[in-house]
Each structure stands twice: as C-alpha cells, then as structure tokens.
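Trainee: I have a structure open and would like to go through it with you. Could you guide me?

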Amino acid sequence: MATQDMAVAEPFLSMQGINKSFGNIPALIGASLEVREGEVMALIGQNGAGKSTMIKVLNGFSRKDAGTITVNGAPWAATSPEMAQRGGISTIFQEINLIPFRSVTENIYLGREIKTRFGLLDLKAMQAGARALLAEFDIDVDVRRPLGEFSTAIQQMVAIARAVSFEARLVIMDEPTSSLDDTEVGVLFETIRRLKAKRVAVVFVSHKLDELYAVCDRVTVMRDGRTVAVSTMAEMTKLQLVATMLGRDLAEVRRAGATAFTEGSRAIGEELLSVRDLGVGRRVRDASLSVRRGEIVGLAGLLGAGRTETARAIFGADPHEKGSIRFQGKETDFAAPADAIQAGIGFCSEDRKHEGIIPGMSVRENLTLALLPALSRAGIVDEGRQREIVLRFIKEIGIKCSSPEQKIRELSGGNQQKVLLARWLCMNPKLLILDEPTRGIDVGAKAEIQRLIRKLADDGLGVLMISSEIEEIVEGSDRVFVLRDGKMTAEFDGEAITEPAVMDAMAHAHGEVA
Amino acid sequence: MPRLHASAGFGALLALLLIIGFGAWRYDGFISEYNILTVLRYNSMFALVGLGMCFVIMTGGIDLSVGSVAALSSVVAAYLSPYGLIPGLLGGLAAGVAAGTINGFIISKMKILPFIATLATMLAASGVALLLSNQQSVPASYDTNFMALGQGDFALYAPDWVNGEDAGFFGAVIRIFLGFPIPAWIALFAYLLGSLILNRTAFGRHVLAVGGGEEASRLMGLPTDRTIFLVYVMSGLLAGMAGVILAAQFGAGQPIEGIGWELFAIASVVVGGTLLTGGKGSVGATLVGTLLLGILFTVLNFENGMGWISLSAYWQSVLRGGFLFVVVILQSRLTRSTAAA
C-alpha cells in the first residue's frame with residue numbers, strides 16, 4: 001500500500017508503534033497515525049478496528065501500553081482530555097458534550113470565564129467575545145439563548161468554535177455528521193475548510209465515503225488494531241478503500257473458505273417478508289427487501305448505512321415514517337416488538353450485552369423469559385416443562401454451560417449467542433432477524449453458529465442476516481441486499497453474489513436496484 | 001419459601017443474628033414473649049411497605065409516596081371503621097391502590113421518571129390526608145372489630161391447657177403461635193405470596209428482567225410497561241394495607257404519620273442486598289432488612305432503659321444512619337468480591 005511521504009515536512013502529530021490492550025485483548029497493535037499542519041486526515045475502519053482507541057490514547061482518555069507520540073516534534077503526554085485540550089488537541093465527540101440548558105456564551109467560556117474587577121462574571125465581555133468567535137465561522141446567533149434551542153449543526157459549530165478558541169492546533173471529529181442533515185453537513189464542511197485555512201489539523205472519522213472525498217486530504221485506514229494503509233484521497237478509489245477496510249486484498253491472512261456456511265438446500269418457499277420504500281429517521285431513506293421461507297438473506301452495507309435501523313423498524317422496535325412492511329402476505333405495522341413476536345418474528349440484536357442477555361439471570365431464565373406466559377398455568381410457571389425445554393436446547397444446539405442455573409454473563413460470547421438463538425427458536429418463529437450474529441465470537445464457535453443458521457434455514461426458517469464481514473454475507477446468503485446511506489442500492493442472487501460485486505455496491509451509489 | 005440468596009441477604013442476616021444475640025445477652029426481657037410480639041406488631045407495617053418497595057426497586061424504579069399513601073389510607077380506614085372491619089380494610093386498600101395506579105400510569109405510560117412522579121404523589125397524598133382529616137387524627141371505631149387488624153391475635157382461641165402451669169414447651173409454642181399479632185400474620189402472608197410471585201410466576205421474572213435490561217426485555221416482547229405499572233399498583237396496595245394497620249394499631253387515622261417511611265423502606269431493601277439499579281433482589285432479604293433496622297431501634301430503647309445512657313430519638317436516628325452505612329459498605333464489599341471471583 002501507499003507509504004507516507006515524509007519528505008514534505010515534519011508532521012504536526014506523529015503516533016508510532018502504539019500498542020494498547022484491554023485485559024488480554026489487544027485493541028491496538030503497533031498502530032500509527034501522522035497528521036500535518038493544516039491537513040484534514042480521514043481515519044476509517046470497521047467496528048473494532050481501533051479508531052476510537054487510537055483517539056482515546058491521543059486525547060489522554062486512555063493510556064498507551066507502548067509506542068511514541070510527538071506533537072510538533074515534542075513528546076506528548078496528556079493524561080486527560082482536559083490536559084490534551086490545553087496542549088492544543090481538542091476532540092469533538094459524536095454526542096456533543098456541552099450543556100444544552102446554558103447559553104451559548106456560557107458554553108464557550110465554561111471553565112475560563114472572564115471576570116470583572118470584583119470577581120463577578122463579566123457577561124458583556126464574554127458575550128462580545130462569543131459573538132466575535134462565532135463570526136469567524138460565519139455563525140450569527142443570539143449568544144444569550146440556551147445552546148439546546150439551536151439545531152444540532154449549530155451546536156456542533158459552537159463545540160468546534162470552543163475547541164478552536166482554546167488555541168487548538170488539532171481537532172478530532174468523531175463521526176460529526178451522523179446526526180446532521182445535508183445542509184448542516186455543508187455548513188460543517190465550510191467550518192473544516194476555515195480551520196484548514198488557519199493551519200489547524202483535523203482528524204475526521206466518518207463512515208460515509210462521499211464525505212471523506214469531499215473534505216479530506218489524506219486517509220488512514222485501520223483494521224484489527226493496525227494501520228493498514230495511508231494514502232492521499234486522490235490516489236485511492238472508493239472500491240480500494242472498502243477492500244482495504246474489510247481486508248480483502250491481503251490474501252495471505254485469509255484462510256481458504258473463511259466461513260462454515262455451505263450451499264443451502266435451495267428449497268426456498270413462498271415470500272415471508274416484503275419491505276418497500278422504508279424510511280426511518282435520518283438513517284434510512286429508502287430501503288426495500290424481501291425474505292422467503294427457507295432462505296438466508298444477507299443485508300450488507302458499511303457502518304451507518306442504516307442496516308440495524310431497518311431491522312429494528314421491521315421488528316417494531318422503532319417506528320418508521322414511510323414505506324410498507326408485509327409479513328406472510330399481510331400488510332403489517334408492528335407497534336411494539338411484542339406484536340412482531342406474536343406474528344412469528346425473532347430478532348437478535350448486535351448489542352448482545354445490553355439488548356440481548358439479562359446478565360444477572362441464569363441460562364435457564366434467559367432462554368425461557370419470552371416463553372414464560374406459555375409455560376404458566378394459573379400464573380405459576382411450570383418448572384418441569386421449563387427445565388425440559390432448556391435441557392433439550394442445551395443439547396440440541398450445544399450450549400456449553402456448567403448447568404442451566406449458571407449465570408449467562410459467565411458464558412463465552414458464542415454460548416451467549418446460542419442461548420439467545422434458542423430463546424427465539426423455542427417460540428417457533430417463521431422469520432429470524434440476526435444482527436451481526438457472530439460478532440465478538442471466537443473462530444470455533446463462529447463456525448458452529450454459522451452451521452446452525454444454515455440448518456435452521458434448511459428446515460424452513462426465513463433468515464435476515466446483517467453482517468459487516470463480507471465473507472459471511474457472500475458465502476452465507478442465498479440473496480443479498482446492499483444498503484448505502486440508507487438507500488437500497490443493489491440486490492444479488494445466487495451466482496451473482498461475489499465479493500467484488502457486493503463491495504462495489506457498498507462503495508458506489510448506483511442509480512437503480514440491479 | 002423466602003429464598004435467602006447467599007450473596008444478597010447474607011450480610012444482613014448475619015447482622016440480624018448478631019444483634020439479636022447481643023440483645024439477648026445484655027438485656028433482661030429482650031427475648032420475652034412480650035418484646036418479641038411488640039417488635040413483630042410494630043414492624044409489620046414497615047415490612048409491608050418494604051415489600052412493595054422491593055418490587056419497585058427490582059424494576060429499577062423508586063416509590064417515594066409510600067409513607068404519605070399509608071397516612072392517607074389510615075385516615076380513610078378510620079373514617080370507614082364504624083361500618084365494620086371489612087369496609088375499613090377495603091377503604092384503606094382502595095386508597096392505596098388508587099395512589100399506586102396513578103403512579104404506575106404516569107411512570108409507565110407517560111414516561112415520567114419514578115422519582116419525580118412519586119414525589120408528586122407523595123405531596124398530593126399527604127395533602128389529601130390532611131384535608132380529609134382536618135389536620136387532626138381521626139379516631140377509629142371501637143364498636144366494631146376493626147382494631148383487631150392492628151392489635152388483635154388469636155390468643156382467645158387457645159385451649160385452656162396451654163396457659164396452664166404444666167403447658168410445657170409444646171404449649172408455649174402454641175401460645176406464641178396463637179398470640180402472634182394479626183398484623184404480623186398479614187405481613188407474613190404477604191411475604192410468602194410475594195416470594196411466590198417473584199420466584200414462580202412470569203410476572204415476577206419479568207420484574208427482574210425489566211430491571212436487568214429494559215431494552216433487552218422490550219426486544220424480546222416482554223410486557224415491560226405493564227410490569228412497571230403493576231409494581232407501583234402493588235406498592236400502593238401494600239402501603240394501603242400498612243395504613244389500615246396503622247389506624248387499627250393506634251386507634252386512629254394518622255394524617256401526619258408516615259413521614260420518612262419511604263426512606264426506612266428503601267433502607268430495608270438496600271440492606272437486604274437488593275440493587276438500587278434493579279435486576280437483582282430478594283423478598284426474604286428485604287424482610288431481614290426490615291427486622292434488622294426495627295430491632296436496632298428496640299436495642300437502643302433497651303439501652304436507654306438500662307439507665308447508663310439516655311439517647312434521644314435524634315441520636316437513635318444518627319446511630320441508625322451510621323449502622324446503615326456500615327451494612328451497605330459491607331454489602332458492597334461482599335458483592336464486589338463475589339463478582340470478581
């Protein structure tokens with residue numbers, strides 16, 4: 001891949017050979033990042049690639065295990081975000097961490113208020129200062145109003161202005177556009193260009209490829225805790241970018257036949273689910289897909305493309321603003337997950353820890369929680385039948401636990417996932433939505449779960465599978481839909497499902513569904 | 001059937017046994033029939049309120065209104081007591097359920113934070129109690145058997161021989177059993193039922209699931225709103241029962257009683273090892289927690305009676321607060337070490 005061009009100038013920021021582990025799980029392995037003065041550097045990678053850890057190490061939130069960081073040639077040793085800010089590096093987080101109830105002025109001057117001779121706040125001077133500062137960014141708002149009254153974009157500008165007024169030499173923006181609409185994104189980009197003109201360096205984290213090409217000069221790609229590519233935006237095509245992110249060009253680290261999916265029996269039945277022109281909030285604008293009985297349908301897309309939001313809307317966990325959902329031939333509009341479950345849909349969330357397991361409860365209880373009303377007679381749970389069902393599933397799908405009474409939080413990720421799958425299977429669903437079913441699961445258990453999913457589909461279950469692992473999508477799916485920026489851009493069937501084709505659809509906005 | 005989970009209520013149970021042992025060793029008459037029955041009679045009200053609080057806290061909520069709801073119920077029950085035991089009882093319970101329903105509706109349907117919602121009900125219920133009673137205690141009727149709910153027992157039904165000289169151990173057991181105060185029977189029954197509901201019904205499991213992960217529960221289709229609604233109704237019902245007992249025990253509806261009951265109930269629940277964040281808890285351990293704090297009070301009274309020191313009620317509060325600190329810190333150390341293991 002492209003190498004750094006060291007000749008131009010000493011970089012403003014240089015992070016080299018950074019190691020960081022949490023427990024014994026390495027998050028960064030010799031990662032590096034260099035940013036020059038007045039440069040906008042894109043930092044991209046999949047979930048878990050190490051971007052956030054890299055940022056946290058830089059802004060003093062986490063401590064690195066090894067490696068060197070220099071800023072302006074001098075060693076950098078911030079141990080807290082406040083210290084980093086004083087040293088000239090500010091971070092604008094995805095969630096704006098200002099105080100919405102207080103005025104714009106107060107937010108800008110928080111922690112370094114201007115005082116009068118008598119030790120009281122000099123409101124006039126602060127308001128004038130705030131106005132002057134915002135004027136540099138062409139923002140004209142009433143600085144006496146509470147920050148929360150303004151749009152997210154303005155709030156973000158205020159956060160950036162605050163950061164810059166701390167004499168920031170480097171501003172890190174972590175997915176700043178995720179809650180902005182198109183016009184607001186335009187305003188943000190203008191701000192970034194102004195920062196650039198002031199020779200301020202910017203690290204820009206985003207999953208939206210178009211944005212990177214619009215505003216960034218260079219890109220650093222991370223994968224599995226390593227820096228795998230550094231290049232100018234112009235020298236890297238979108239397809240190359242996606243391929244590097246997913247690690248598909250490095251054949252040597254890949255095992256042949258990366259997943260345990262086998263060809264399906266192809267006994268595909270009638271249509272179970274049909275989604276047309278779905279719109280959910282800002283993330284999903286126009287999603288259409290369908291799932292048939294006995295079929296695994298892959299839902300592909302980059303992070304932030306709206307895959308999870310689409311799945312949650314189908315399941316009734318979030319409301320949708322437009323579009324139609326038909327299940328088993330009937331128009332449906334599930335008001336709550338309970339209705340979707342009643343109709344025969346199950347949903348395994350990608351956030352197993354917070355939206356899946358109840359950590360303090362046993363395997364038995366986690367497995368049968370949703371089934372309890374059906375297991376109760378006169379309100380009292382029939383513990384005999386409960387135990388019978390639990391033991392059957394533990395055996396059938398091979399859940400490794402010391403006993404059904406073991407707390408689920410003590411199980412490995414793979415076994416937790418099996419319990420969650422069993423939770424749905426014991427309710428005899430017709431359609432199962434799986435959001436990242438093998439994330440955070442070790443290789444052996446991953447293969448078991450993939451085989452299980454295939455078997456369930458062969459037995460007639462319809463499966464909608466979201467996955468960020470391209471080989472899982474390509475090898476596991478009978479059909480694939482690709483979401484890009486909330487729009488369905490492509491559908492592939494059978495032989496047409498190839499990695500280059502799917503990645504191409506993830507990277508480029510095609511006009512129509514293929 | 002109240003299961004004492006080793007980790008949850010163990011520290012509290014140990015402290016309870018130590019305190020009882022200490023009291024028995026130091027004071028004459030501590031382990032007397034009279035003292036035991038007095039402790040049980042008085043603390044049954046707190047036990048009932050604590051049980052409701054326990055369910056609320058297990059869902060991750062809080063119910064600050066229990067004290068003033070009990071006061072309101074005592075006033076309503078006292079007014080209705082001339083019509084008999086049943087009207088008095090049902091009236092008091094109805095007042096509690098009404099308050100609980102309002103709490104449950106506002107919290108589960110209108111999504112107002114439990115702290116705020118029940119704070120409002122606490123103020124409102126207290127106001128209604130004072131309005132109804134004209135700021136005076138309301139005498140309950142002695143003409144009906146209403147007072148039995150607070151003061152009665154079944155001693156009358158004891159066969160003569162158990163009161164005789166040669167009744168022996170067996171006779172003494174029967175005597176204590178029948179002399180067991182009616183409010184204590186009510187509390188005991190409520191705890192057995194509460195334990196059954198928590199451990200053996202779908203609703204009980206849903207309570208813990210909602211507290212352990214509300215979004216996870218919603219995504220698996222559990223009736224989260226209904227569960228939350230019902231725990232507040234239940235808490236209101238139990239506070240109402242406590243209010244009825246209050247009126248019957250003191251012979252009057254008490255509009256200004258109940259201040260601080262909610263804090264006492266929260267303390268009992270927490271001492272019992274139930275997590276304030278929800279998702280983990282035990283009915284039996286809450287009973288232990290109530291008894292622990294109640295008996296501590298009795299010990300301080302006995303100590304005053306010894307004549308060595310004279311502690312005012314305020315000092316007793318200070319001591320109880322300090323004691324609560326110790327138990328809660330011990331409890332958190334215990335859970336942390338088991339979590340780490």
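Mentor: We shall go through the sheet, a hairpin, the helix contacts and the interface in turn. This is a predicted model, in which local features need pLDDT of at least 70, side-chain atom pairs count only at pLDDT 80 or more, and totals for chains, interfaces and linings use all residues. Residues are numbered from 1 along each chain as its sequence is written, chains are lettered from A and ligands numbered from 1 in the order in which they are written, and side-chain values use heavy atoms, with hydrogens and water left out.

Trainee: In what order do the 4 strands of the open sheet in chain A lie?

Mentor: The order is β2-β1-β4-β5 in chain A, with antiparallel pairing. Strands (E, at least two residues) and helices (H or I, at least four) are DSSP runs numbered from the N terminus, and two strands pair if DSSP finds at least two bridges between them.

Trainee: Which strands stand at the edges?

Mentor: They are β2 (25-35) and β5 (74-75) of chain A; each has a single partner strand, so one side of each is left without a neighbour in the sheet. Strand β4 (residues 66-71) of chain A is joined to β5(A) by 2 bridges, and A:Val71 stands opposite A:Ala74 in β5(A).

Trainee: And which helix packs on that sheet?

Mentor: Helix α1 (residues 51-58) of chain A does, touching β1 (13-22), β2 and β4 of chain A. Contact here means heavy atoms within 4.5 Å. The direction of α1 makes about 110 degrees with that of β1(A).

Trainee: Where is the hairpin?

Mentor: In chain A, strands β9 (residues 218-223) and β10 (residues 226-232) pair in the antiparallel sense over 6 bridges. A:Val221 has A:Ala229 in β10(A) as its bridge partner. The two strands form a hairpin with 2 residues between them, and A:Asp224 in the turn has a positive phi of about 50 degrees.

Trainee: Moving to chain B, at what angle do α3 and α4 pack?

Mentor: Helices α3 (residues 66-80) and α4 (residues 85-108) of chain B pack at about 150 degrees, with their axes 8 Å apart. Axes are lines fitted to C-alpha atoms, for helices over the stretch in contact, and angles run from 0 to 180 degrees between N-to-C directions. That makes α3(B) roughly antiparallel to α4(B); angles under 35 degrees count as roughly parallel, over 145 as roughly antiparallel, 65 to 115 as roughly perpendicular and the rest as oblique.

Trainee: Which residues make the contact?

Mentor: Among them are B:Val69, B:Leu72 and B:Val76 of α3(B) and B:Gly88, B:Gly92 and B:Ala95 of α4(B). By class, this contact has 8 nonpolar, 5 polar and no charged residues. Ala, Val, Leu, Ile, Met, Phe, Trp, Tyr, Cys and Pro count as nonpolar, Asp, Glu, Lys and Arg as charged, and the others, Gly among them, as polar.

Trainee: How do α9(B) and α11(B) cross?

Mentor: The axes of α9 (residues 202-212) of chain B and α11(B) come within 10 Å and cross at roughly 105 degrees. The two helices are therefore roughly perpendicular to each other. Including B:Phe203 in α9(B) and B:Met234 in α11(B), their contact has 7 nonpolar, 3 polar and no charged residues.

Trainee: Finally, how many residues of chain A are in contact with chain B?

Mentor: 28 residues of chain A are in contact with 19 residues of chain B. The chains bury about 1,800 Å² between them, 64% of it on carbon and sulfur atoms; buried area is the accessible area (1.4 Å probe) that two parts lose on being put together, summed over both. A:Ile358, A:Leu369 and A:Ile380 supply 23% of the area that chain A buries against chain B, more than any other three residues.
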